[in-house]
Each structure stands twice: as C-alpha cells, then as structure tokens.
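Biologist: Can you put the model up? I have a few questions about it.

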Amino acid sequence: MAKSLAELKAIRDKKVNEINLRHGKNGYRVVVGMATCGIAAGARPVMVKLMEEVAANGLNDVTVAQTGCIGSCRLEPIVEVYDGEGNKVTYVHMTPEKVTKVVEQHLTSGKVVDEYTMTIVDGKIISPEVKA
Amino acid sequence: MKELSLHILDITQNSIRAEASLVALMISESIADNNLTIIIEDNGNGIPADKLATISDPFVTSRTTRKVGLGLSLFKAAAEACDGFFEITSEFGVGTKVIGSFRRDHIDRVPLGNMADTIVTMVMSFGAADLIYEHNYNHRLFSFDTREIKETLEVTTLNEVDILNWIREFVKEGLEEIKEEE
C-alpha cells in the first residue's frame, strides 16, 4: 500500500480542519441494522448509499453507525434516525433510492419522510416519532 | 444470500460481537483448481467446546433475544450446496476460524459480489478493531490492512467518510488489478 501513503496523508490534513465540525450536539445519528436479516434484505447497499449521500450533502454533523438485529426482521432493511435529544424515527423496507430522499428531507431540513416510516401497525396509524 | 461477500459481512459481525481486536479475511480463487475458499479468522472470545459442535445448527445461538441464529448455518448450507465444505474451529479465549470452500464453477455458487462495499461496511462497524484482507486470485495477491492506514493517519478508528471512500476505491482498484487478464 506504499504508493498511496501520500494520498492518505492529504486526507488526514484535510481531516484536522474538519474534525471540530463533526459530532455536533444537534447532529443526527443514523443507525442501520446489519445482522443476518438486514444483510440478506439489502442493508449493505443502503449503508453505502447513506455514506455517499451524507458526504455529498456535506452533512458533517451526521454520524452513521451500524447495529445488530433490531427485532423486526420482516421490515428490514431498517434505518433509525436519532435527533440530538434522542427522539427516534424508524424507516423500514429501505432502499438506496429511499435513502436519497431521507437524506434530502430529514437529515438536511428536519422533515420526516412519513411514507417510509413504520407508521402503520396493524392498520392503525401511529406517530412516526418515538420520544426519548 | 445473493453474494458470498454478504456471508462474509455477516460472519465478521460475529467476530466483532465476540470482542475480537483483529479479524483476518482470506479469499483464494483458483481457476486451475476450480476452487473458491473463504477463511475468516479472529482473536475474539472463542466458542466453548460444548457449543462448537452445534454452532452451525440454526436453532443454536449465543444471543438472548431469540432462539435462532442463521449466519453460520446459511454459510454452511451455501458451501455444501456447491460440492464444498464448511469448517469451524475455535478455542475458548483464543479465537475462532471459519472456512467455507466452494467448487468455483458450481451452478449454485453465487458470485463473490461487491467486495469493496463489503470491506467498507465492515470497516465502519469495526471501530477500534482491525481487519486484514488478503485476496489471492490465480496466485496474484491483493492485501489490505487497516493497521497500516491507522498508523499513517494516526487515528484509532476509520469511520470517517473520506477515509471510507478512499478504502472503497483502493479495494476496488486492487481487485481489478489482480483479476486483469495477463
């Protein structure tokens, strides 16, 4: 990997300036379920798309993380979005296309994309946001 | 699973849950031997001897949320469906080694799939743990080691978007290079 050391160093130098912008208090934390169920349902392309979109939109205060099985395997791939206060919105049956919209609306301007959330349970419409 | 790389992604999550600090992934493909072998080795907690015999049984799992665990069972079934074999060895407190071997041209062998995206997704979930990835394609070798990157960047975790993007490209290009026709 020797030939790329210079390239890596350049990334690092850029990072030093940016690091203070990250992990801001108000930033969203986005969690993708990455257990057997999630992976089989297509969580990896969702994860990669999320990473790309967050970078493309310059959302430096958004952190992206993974978790194990969330417990509703039939709804995978699942993406959970936590705001600064710990309130949670759960997006289900996610695809890379849906990720684009969630990043544009929810992560960029705070508008929950209702139609992708787990708002209908047994025919009953519930609030998409679970309070901390 | 639609790709073998998804099995790899899944099984390395076991290593992380077992508190491994180092995971070694070795893939070897040989057209001459008509073989594709995947080896995943970690230095995690290991599996107690009494559990090891039944670990690839779908109704055996170490988790407490429910009574099924499909990761290893699916990998075993995939290998055995392709005239290959599955093997797991482990020493409690030392680590675990999983091997899946496939007849490369078997009609049921799914593609290896997107290794660059798989490695990136793994690195994101690894945190402070490290990954060694070696890919041998007809005796041409690609290797990748997160410890070298961390050393160069002087960081303890690689979960930053531009580092991840760089890793993705590095893996993609490296694999293309070894798979090029001579």
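Modeller: Just after α1(B), B:Glu19 takes a positive phi of about 60 degrees. Keep in mind that this is a predicted model.

Biologist: Where does B:Glu19 sit, and is B:Glu19 buried or exposed?

Modeller: B:Glu19 is in the loop between α1 and β1 (22–30) of chain B. B:Glu19 has 11 other C-beta atoms within 10 Å, so it counts as exposed.

Biologist: Why flag the phi at all?

Modeller: Most residues other than glycine have a negative phi. B:Glu19 has a positive value and is a residue other than glycine.

Biologist: What is phi at B:Asn34, and which loop holds B:Asn34?

Modeller: Phi of B:Asn34 is near 50 degrees, again a positive value in a residue other than glycine. The loop is the one between β1 and β2 (35–42) of chain B. B:Asn34 has 13 C-beta neighbours inside 10 Å and so counts as partly exposed.

Biologist: What span should α1(B) have, and what does the model give?

Modeller: Helix α1 (residues 4–17) of chain B should span 20 Å, because it has 14 residues at 1.5 Å a residue. The end C-alpha atoms of α1(B) are 21 Å apart, which agrees.

Biologist: Switching to the core. Which residues have the most contacts inside the largest nonpolar core?

Modeller: A:Leu50, B:Ile119, B:Val123 and B:Ile167. That core has 73 residues, and its largest share, 8 residues, comes from α4(B).

Biologist: What does B:Ile167 touch?

Modeller: Leaving out residues up to four places away in sequence, B:Ile167 touches B:Ile119, B:Val120, B:Val123 and B:Leu158.

Biologist: So how do α4(B) and α6(B) pack?

Modeller: Helix α4 (residues 115–126) and helix α6 (residues 161–179) of chain B pack at an angle of about 145 degrees, with their axes 8 Å apart. The crossing of α4(B) and α6(B) is right-handed.

Biologist: Which residues meet there, and how do they divide by type?

Modeller: On the α4(B) side they include B:Ile119, B:Val120, B:Val123 and B:Met124. Those residues of α4(B) meet a set in α6(B) that includes B:Leu164, B:Ile167, B:Val171 and B:Leu175. The contact of α4(B) with α6(B) divides into 10 nonpolar, no polar and 3 charged residues.

Biologist: OK, A:Leu50. What can you say about its helix?

Modeller: A:Leu50 is one of the buried residues of α3(A). 10 of the 14 residues of α3(A) are buried, so that helix is largely enclosed by the rest of the structure. α3(A) reaches 20 Å from its first C-alpha to its last, close to the 20 Å expected. Just after α3(A), A:Gly58 takes a positive phi of about 60 degrees.

Biologist: At what angle do α3(A) and α4(A) cross?

Modeller: Roughly 35 degrees, with the axes of α3(A) and helix α4 (residues 96–109) of chain A coming within 9 Å. The crossing of α3(A) and α4(A) is right-handed. In α3(A), residues including A:Val46, A:Leu50 and A:Val54 meet A:Pro96, A:Val99, A:Thr100 and A:Val103 in α4(A). By type, the contact of α3(A) with α4(A) has 7 nonpolar, 1 polar and 2 charged residues.

Biologist: And between the chains: how many residues does the contact take from each?

Modeller: 24 residues from chain A and 27 residues from chain B. α1(A) gives the most to the side of chain A that touches chain B, with 8 residues. The residues of that side of chain A divide into 14 nonpolar, 4 polar and 6 charged.

Biologist: Last one. Where is the cis peptide bond in chain A?

Modeller: The cis bond joins A:Glu76 and A:Pro77, with omega about -5 degrees. A:Pro77 is in the loop between β2 (63–67) and β3 (79–82) of chain A.

Key
Residues numbered from 1 in each chain as written. Chains lettered and ligands numbered in written order. Predicted model: local features only at pLDDT ≥ 70, side-chain atom pairs only at ≥ 80, totals over all residues. Axes fitted to C-alpha atoms, helices over the stretch in contact; angles between N-to-C directions. Helix = DSSP H or I, 4+ residues; strand = E, 2+ residues; numbered from the N terminus. Left-handed = near helix turned anticlockwise from the far one by under 90°. Contact = placed C-beta atoms within 7 Å. Nonpolar A, V, L, I, M, F, W, Y, C, P; charged D, E, K, R; others polar. Expected span 1.5 Å × (residues − 1). Buried ≥ 20, exposed ≤ 12 C-beta atoms within 10 Å, placed from the backbone. Core = buried A, V, L, I, M, F, W, Y, C linked by C-beta atoms within 7 Å.
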